[in-house]
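Hi,

Here is the structure I promised to pass on to you. My notes on what turned up in it follow below.

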Amino acid sequence: MRASPVSSTSRFVHLFAVVVIGFLPLVSAQADPITITNVSGAATLVNSAPFVKGMVNISGGNFSANVNTFNGSFGLAACSPGRITGCTSANLGWFSSDLAGTITFNGVSFIPDANNQLSLMFSSITFVIPPEFLNSSAIQITAPFTFAGHLSTILFPMEPVTLSGEGTVNVLLVNRTIAGFNGFFLDHADYVFGPQAPGLTIEPIPEPATLLLLASGLAGAILRLKRRT
């Protein structure tokens, strides 16, 4: 006896459902983010009046990024020349997804754009300069930070990447006069991945040591820029 059209359709629907259900775990597994922990490298924030900008060079697993930030939410923007009066307090964390440079994942290099997005978040402590340090020529700040990042790209649509890491940030604030106002302004902040500082440290820096730190910070920034060219 020939099967009725209804029974043939029912069998087909049943078979299709079985196939789809069988593939669901595979699809779900492909969509799970790849987590890369213990990211290494460094990031540096510098004043680029009237804004703060960052240079980031990080890697881990099958991932690396060599990028510059254009815009973002920078806690240390409170210490930029754009504020004119400088700062006595700021947060050492920052976030940016507006980047330029090169990203490499699974051996494929590409640039960040609307289809290949990388976000970077550094979370840290808010500092307050003690009143007795306000007449110092410079301030050195050390603190721990944690890092989280996320990469999504059309080149690997089923392989979103999450990044995590930690380290220590070292900040140099210099007492300067800008537009007739004296205050502490950011010279540079180095976020170095690895061991975390045990807590927040704020120290005044004598004048000769300030000049040395300024020179070393400038040399480090120039070296990173050369590596990017």
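Leaving out neighbours within four places in sequence, Thr 153 is in contact with Phe 110, Asn 115 and Asn 116 (contact means heavy atoms within 4.5 Å). Before going further, a word on the basis: this is a predicted model, where local features need pLDDT of at least 70 and side-chain atom pairs count only at pLDDT 80 or more, while totals for chains, interfaces and linings use all residues. Residues are numbered from 1 along each chain as its sequence is written, and side-chain values use heavy atoms, with hydrogens and water left out.

Back to Thr 153, which belongs to strand β10 (residues 138-153); strands (E, at least two residues) are DSSP runs, numbered from the N terminus. Thr 153 is buried at a relative accessible area of 7% (buried is under 20%, exposed over 50%, partly exposed in between, with a 1.4 Å probe and protein chains only). A polar atom of the Thr 153 side chain lies 3.0 Å from the backbone nitrogen of Leu 155.

There is also one salt bridge (a side-chain nitrogen of Lys or Arg within 4 Å of a carboxyl oxygen of Asp or Glu). Arg 176 pairs with Asp 187, with 3.2 Å between the closest N and O atoms. Arg 176 is partly exposed at 32% relative accessibility, whereas Asp 187 is buried at 17%.

Finally, the whole structure holds one disulfide (cysteine sulfur atoms within 2.5 Å): Cys 79 and Cys 87, with sulfur atoms 2.0 Å apart. Both cysteines, Cys 79 and Cys 87, are buried.

Best wishes

Notes:
Helices (H or I, at least four residues) and strands (E, at least two) are DSSP runs, numbered from the N terminus. A polar contact is a pair of N or O atoms within 3.5 Å; within protein, one must be able to donate a hydrogen and the other to accept it, and residues adjacent in sequence count only if both atoms are side-chain atoms.
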